[in-house]
Amino acid sequence: MTVCGLVTNSQEPVPLKSISVDVVVRGFVADVVSELRYQNEEKSPVEVVFVFPLDDEAAVYAFEGLIGGTRIEAQIREKKQAEQEYEDALSEGRQAFLLEREANTSDIFTCSLGNLPPNGEATLKLSYVQALAPEPDGAIRFVLPAVLNPRYAPQGSEGGNVTKSIPRLPKGQLPYTLSLSATLESPYGINRVESKCTLEPLRYTAEDRTIAQVSLAEGHQFDQDVELLIYYKDIQKPSALLEAGMPGTAPGSLMGDPALLLTLYPSVPAPKPGQKATGEFLFLLDRSGSMGTCTDPDPSSPRRIQSAKETLIFLLKSLPLGCYFNIYGFGSTHDSFYPQSVEYTQETMSKSLQRVKELQADLGGTEILRPLKAIYSQPCREGYPRQLFVFTDGEVSNTDEVIAEVGRHSSSHRCFSFGIGEGASTALIKGIARAAGGSAEFITGKERMQAKALQSLKKALQPAVTGISLSWDLPPGLKAELVGSGPQVIFQGQRCLIYAQIRGQHQSSGSTEGTVVLQYLFQDQTFKETLGFSLTSQETDRLPVHRLAAQTLLKELEGTGEKEEEKQRLALETSLSSGVVCSQTAYVGVNKELGTALQGPLAHRNIPLAYQASGARAIKCERAVPKKIMCCFLRQSPPPPPPAIHNSPSAKSSEPTPKEKESPLLSLVSLQNANGSWPLDSGLANILGLSEAEISSKSPAQVTPDAWATVLALLWLHSRATGQRDEWELLEYKALIWLQATAGSQLAECVKAGNEMLGSSVSPEALGV
């Protein structure tokens, strides 16, 4: 076993001893306090830097450390002041730490912990609040990622690059413990909680089942993500949560006034997209060198570029006739299939399909801003709403600038983004989707990109909830002001969190109830939801609603691109008052009691890197540190925080992607025509395991060869690829529309004959007959 960096003779890493997590989940908001305990087993002092990832929708608001027996609490400061205080403390031999957001991204935090004495312990307490998203079945998903700790791989597992330096231990013998308890609250009741981990029985603490508690079973081995799926009663109903302001803070400010959280999770019809759906579909594909790496440590797993190419084929085949499309590739440079979007026809689809199959991960680094500007320089087509799909595995150094560029064109398009692999930046992926009213997806491990991409295409082909507005009825003396600009669009299956500040002085003799009317449009229909809420605000010292409201405002103020002085000033004030770190602020903690300077040289050490114990994920070294690993780096001198690491030509592999074996499903999909039909040819015959002559001889009378071939292709999909239905549902719909127009009266006979020939038992109803 090799441990990177300068280490002691014993080659022992700085070990993690225990993790304790307390979670409060109210509706779609999780408030998390994690306590991690480490011990330095070196014989000399070390200076440690804690690097950790957070989801784009999470906000750190408190941090403290017990370092070598000295307690240090964090205080938020303007960044330059914080850095100066930290350097002054270190130069005087005092324990200190510095916590700040990485430049140009919002989902990486670094914490310089300062001097940790020999055999000293460091206990770190991190508090953050996070907005949660619903799963397709309506469950609210909370995840405590295993990247919050150095991971130990099972003995016998193999890995390259990063994983060679990871300690190998027998399964079930991790050298640290994890305890987690969660309090759950929902105004309409809690039905159940599910998890892959073993849980103690759910315990209700309110008779109406609106409050419950759950915890991990004792002895849980933290070798995989801890996931809680929380099922609420009446999740579709809008809800309101009013939180009292921070005690001692002046009224009139965001933190001083009560903050109201409105949750809207509309249950709207999800019509199947028809051939009348039109649009301009633009696909922007990352072709940087790291896209040539595998999606999984298993050498037989597909490369990222191969998964992306397959996904593009499914998307191309699923587009409606008459739309327009183009495909762009980017790395250090960028290119496009056509100078401008072309109409989707059999000719353009076939030509594009061939070019997609030839794509390689050969364009160097990750420069996404230029191709975006090239796309936006093309005029939009009237009557063809623009839909942009972005696929990338990388991180860029100008995340804020990229998000701002997308936001400037938000009125003319929607953006659907896909983060591929462990290294994808949640700030970039979620940021560009949010800026242009789209949705974001992440593909890791063995997940198939195709299903998630096709789900997003369905959203792009469906109308969305728009025209969201609110009207208030509050007692005299009170008024509500939205925090930020408020939501513009909601897609089917998405929740919407709206924050408002309740200003003014409530008259004690007046009503203690307020009302808000939520109004929105869907398919030219107006929907209204009237929601009453108590003005008796809930007091909490953790203030999760206020923190998330502050984070929402900070993202708007800092995501505009132009650094207007007034917006910068308001962002700084909001960050300092709320404790939510922004680009201008940092947390600094210094022990005010001057101690004796620590003796001896500082050691340099890398502790074990994060690794999925099941062997399901491997991470390239240049990408692992900032994105999905919480670890310590030990440095010789007081360091500035590590710079954001991004893909550069030198950091990328430009090796050509080897030819991957095509799956039968992909082969079948590749044969489909733009109008939805399949040709009766040798390609289809090979997939069906029959000869062309045999297929033709079994065709019902007066059925065209293409109609017969199309029925057989659909029967194959229903009998051989049912588990991947999400991937071929749209192209099947195209095929069925074509069949109804071509052989509608003979479809039942075709299905019967096809089942007999293929030995399948697909019902005619499954094909809409």
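Among contacts in the protein between residues at least 6 apart in sequence, what percentage join residues at least 24 apart? The share is 74%, where a contact means heavy atoms within 4.5 Å. The structure is a predicted model, in which local features need pLDDT of at least 70, side-chain atom pairs count only at pLDDT 80 or more, and totals for chains, interfaces and linings use all residues. Residues are numbered from 1 along each chain as its sequence is written, and side-chain values use heavy atoms, with hydrogens and water left out.

**Overall composition**

- The protein contains 16 helices and 33 strands, taken as DSSP runs numbered from the N terminus (helices: H or I, at least four residues; strands: E, at least two).
- Of the 769 residues, 56% are buried (buried is under 20% relative accessible area, exposed over 50%, partly exposed in between; 1.4 Å probe, protein chains only).

**Nonpolar cores**

- The largest nonpolar core comprises 77 residues, and Phe-391 and Leu-717 have the most contacts inside it (a core is a set of buried Ala, Val, Leu, Ile, Met, Phe, Trp, Tyr and Cys residues joined through side-chain atoms within 4.5 Å).
- Helix α14 (residues 705–720) gives the most to this core, contributing 10 residues.
- A second, separate core has 67 residues, including Ala-212 and Leu-497.
- Leaving aside residues up to four places away in sequence, Leu-717 touches Leu-665, Leu-668, Trp-678, Thr-722, Trp-728 and Leu-731.

**The β4–β5 hairpin**

- Strands β4 (residues 58–67) and β5 pair in the antiparallel sense over 4 bridges; pairing requires at least two DSSP bridges between two strands.
- The hairpin has 2 residues between its strands, and Gly-68 in the turn has a positive phi of about 60°.
- Ile-67 stands opposite Thr-70 in β5.

**Individual residues**

- Arg-304 lies in helix α2 (residues 304–318) and counts as buried because its relative accessibility is 6%.
- The side chains of Arg-304 and Asp-393 are joined by a polar contact of 2.8 Å (a pair of N or O atoms within 3.5 Å; within protein, one must be able to donate a hydrogen and the other to accept it, and residues adjacent in sequence count only if both atoms are side-chain atoms).
- Asp-524, in the loop between β30 (513–522) and β31 (525–534), is exposed, with a relative accessible area of 84%.
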